[in-house]
Amino acid sequence: MQGQHWFFAPPEDWREDSVLLPPDESHHATRVLRIEPLSVITVFDGQGKVARCALGSSDGDRVSAEVLEATDHPKMRPQMVVYQAAAKAGKLDQTIERLAELGVAEVWAFDSERAVARWDAGKVERLTHRWDSIARSAAKQSRNPHLLRAGAGLSWTELTRRISNEPMALTLWEEASLPMRAALNDGADRVALVVGPEGGFTQAEAESLADAGAPLVSLGPRILRTENAAVVACSALLFNFGLIG
Ligand code: SAM
């Protein structure tokens with residue numbers, strides 16, 4: 001049985017038959033959880049590798065672990081990607097956590113006309129760092145072998161360029177008549193969703209997204225908060241593709 005506690009170690013900290021936990025993970029294992037040497041733990045690299053390990057000895061602020069058995073887990077199919085309009089930062093922290101638990105692969109925040117939040121480069125860097133930490137905690141808690149990648153600061157031009165390169169992209173728009181379900185095809189390998197800000201997309205933005213290849217789809221008659229819309233839509237995608245429930 002795999003160790004009940006999961007710890008993260010980036011790919012560069014793995015050797016043939018051992019892995020060195022980062023300082024914060026080492027502290028959590030030895031000081032907070034007080035796990036004894038030789039106890040079995042689970043270590044994952046965030047890119048699909050999950051290993052049953054025996055905790056070793058500490059070397060300074062890091063502890064090693066012997067790899068007993070490692071397995072590689074393929075990425076979830078279809079991959080889910082969320083392009084999320086900037087919102088009050090605390091709101092999106094929870095969104096990142098919930099999407100990471102659902103197995104979403106990527107979240108990219110972008111600027112839009114009616115967004116309440118305006119983020120400068122320093123804010124973008126702080127947010128990205130915080131979201132990486134949230135994604136790692138959510139992966140450990142939900143036992144997801146793949147880390148969600150998150151970033152912020154996409155311009156509208158960058159957003160539409162990325163969308164035009166997505167194999168399947170949908171714009172969540174509360175004024176759309178087409179149900180999201182009707183726009184899906186079962187063979188999708190990757191599905192990208194675009195979510196507007198607290199104030200919603202302007203008509204021009206909605207048309208720009210549709211022109212970029214992300215048709216406008218509805219999640220139904222109720223208006224969802226910007227921080228909830230992606231979570232609801234991704235849950236529906238998981239159910240539609242038989243990945244949950
Ligand atoms: N126009 C909304 C209003 O009247 O309150 C404001 C936008 S809504 C709070 C935030 C975003 O969530 C929207 O831009 C859209 O992307 C998504 N959204 C919310 N409810 C939706 C629905 N029923 N169908 C599709 N998208 C929805």
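Which residues does Leu193 touch, not counting residues up to four places away in sequence? I found Val81, Val82, Tyr83, Leu170, Leu172, Met180, Ala233, Cys234 and Leu237, where contact means heavy atoms within 4.5 Å.

A note on the source before I go on. This is a predicted model, in which local features need pLDDT of at least 70 and side-chain atom pairs count only at pLDDT 80 or more, while totals for chains, interfaces and linings use all residues. Residues are numbered from 1 along each chain as its sequence is written, and side-chain values use heavy atoms, with hydrogens and water left out.

**Entry: the cores**

I looked up the largest nonpolar core and found 43 residues in it; Leu99, Trp119, Trp131, Leu148 and Leu193 touch the most other members. Such a core is a set of buried Ala, Val, Leu, Ile, Met, Phe, Trp, Tyr and Cys residues joined through side-chain atoms within 4.5 Å. Buried means under 20% relative accessible area, exposed over 50%, and partly exposed in between, with a 1.4 Å probe and protein chains only. Among the elements that give two or more residues to this core are strand E6 (79-85), helix H2 (89-102), helix H3 (121-142) and strand E10 (190-195). Helix H6 (226-240) is also one of them, and H6 gives the most, with 7 residues. Helices (H or I, at least four residues) and strands (E, at least two) are DSSP runs, numbered from the N terminus. I also noted a second, separate core of 18 residues, including Leu154, Ile163, Ala169 and Ala214.

**Entry: the rings**

My search of the whole structure gave 6 aromatic pairs. Rings of Phe, Tyr and Trp (its six-membered ring) pair if their centres lie within 6.5 Å; planes under 30 degrees apart count as stacked, over 60 as edge-to-face and the rest as tilted. Trp6 and Phe44 have ring centres 5.4 Å apart and planes at 50°, so I logged the pair as tilted. Trp6 is in strand E1 (residues 6-8) and Phe44 in strand E3 (residues 40-44), 38 residues apart. Trp6 is buried at 9% relative accessible area, and Phe44 is buried at 0%. Phe110 and Phe201 have centres 6.4 Å apart and planes at 5°, so this pair is stacked. Phe110 lies in strand E7 and Phe201 in the loop between E10 and helix H5 (203-211), so the pair ties together parts 91 residues apart in sequence. Both Phe110 and Phe201 are buried. I also saw that Trp6, Phe8 and Phe44 form one aromatic cluster.

**Entry: the charges**

I counted 13 salt bridges, each a side-chain nitrogen of Lys or Arg within 4 Å of a carboxyl oxygen of Asp or Glu. Arg136 pairs with Asp24, their closest N and O atoms 2.9 Å apart.
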